[in-house]
Amino acid sequence: AFLDFADIYAARVNSKVASSLSFFVPKLPVPVGVESFSVDDELYDEFRKFVHANRAKYETHPSFEKSFDELDKMLDESGYRRALEQLKVLREASAADIDDDFIAHAESIRRELEHFIRVRFEPQSSWILADLKHDVQFSRALEVLSNRALYSKLLTPTDADDSNLAAATSNSKLSALYNRAAIFPSDIH
């Protein structure tokens with residue numbers, strides 16, 4: 001869904017095939033630069049509508065749509081009208097659950113959508129920088145590198161670390177690999 005929506009967004013922004021699009025995406029400014037673009041509420045809502053409109057294609061709940069369709073057909077052929085009405089209610093409940101997912105996972109969905117849109121407009125270096133803004137491990141590494149005391153605390157071996165390393169490398173293969181790495185670190189991949 002992210003890829004297809006980003007393609008439609010890019011086409012709309014670029015006005016190349018806008019008239020032939022079956023799904024309307026509002027014309028928004030072309031994102032340029034790491035700081036200048038983010039997925040606002042309007043774009044997020046358009047993505048949510050896009051996913052709803054294409055639920056079966058993107059299998060938001062993989063087997064549900066296919067199963068609903070099969071059950072619908074069987075109930076209709078059997079003439080079970082009340083059960084068909086209940087199936088309609090179940091489909092609506094499923095759609096509501098998808099909306100709940102959009103609320104619960106909004107931050108990560110926005111990041112993914114932003115990434116796929118940026119890929120359409122920016123060079124790789126720009127969208128990688130934008131992605132790093134949200135990378136928890138990268139942020140933590142920067143924090144450690146910028147704090148000498150924390151860096152020393154985390155990376156200075158203790159006596160316990162030395163004994164753990166000795167125990168881990170007591171296996172002859174591990175010991176040989178460790179010794180080789182100490183002598184030729186660039187050889188270890």
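User: How are helix 1 and helix 6 arranged where their axes cross?

Analyst: Two packed helices are described by the angle between their axes and the distance between the axes. In this predicted model, helix 1 (residues 2-14) and helix 6 (residues 106-121) have axes that come within 9 Å and cross at roughly 50°. Helix 1 is therefore oblique to helix 6 (angles under 35 degrees count as roughly parallel, over 145 as roughly antiparallel, 65 to 115 as roughly perpendicular and the rest as oblique). Axes are lines fitted to C-alpha atoms, for helices over the stretch in contact, with angles from 0 to 180 degrees between N-to-C directions; helices are DSSP runs (H or I, at least four residues) numbered from the N terminus.

User: At what angle do helix 2 and helix 5 pack?

Analyst: Helix 2 and helix 5 (residues 81-104) pack at about 150°, their axes 11 Å apart, and are therefore roughly antiparallel to each other. Their crossing is right-handed. Tyr44, Phe47, Arg48, Val51 and His52 of helix 2 meet Ala95, Ile98, Asp99 and Phe102 of helix 5, a set of 6 nonpolar, 1 polar and 2 charged residues.

User: With which residue does Lys49 form a salt bridge?

Analyst: A salt bridge is a side-chain nitrogen of Lys or Arg within 4 Å of a carboxyl oxygen of Asp or Glu. Lys49 pairs with Asp45, the closest N and O atoms being 3.4 Å apart. Both lie in helix 2 (residues 41-53), 4 residues apart, about one turn of the helix. The structure holds 11 salt bridges.

User: Where is the pLDDT below 50?

Analyst: Where pLDDT is low, the predicted coordinates should not be read in detail. The chain has a mean pLDDT (the predictor's confidence in each residue, from 0 to 100) of 77, and 69% of its residues reach 70 or more. Values fall below 50 over residues 16-22, a stretch with 5 contacts beyond near neighbours in sequence. Residues 184-189 are also below 50, with 5 such contacts. Local features need pLDDT of at least 70 and side-chain atom pairs 80 or more, whereas totals for chains, interfaces and linings use all residues. Residues are numbered from 1 along each chain as its sequence is written, and side-chain values use heavy atoms, leaving out hydrogens and water.

Methods: Contact means heavy atoms within 4.5 Å. Helices (H or I, at least four residues) and strands (E, at least two) are DSSP runs, numbered from the N terminus. A crossing is left-handed if the near helix is turned anticlockwise from the far one by less than a right angle, and right-handed if clockwise. Ala, Val, Leu, Ile, Met, Phe, Trp, Tyr, Cys and Pro count as nonpolar, Asp, Glu, Lys and Arg as charged, and the others, Gly among them, as polar.
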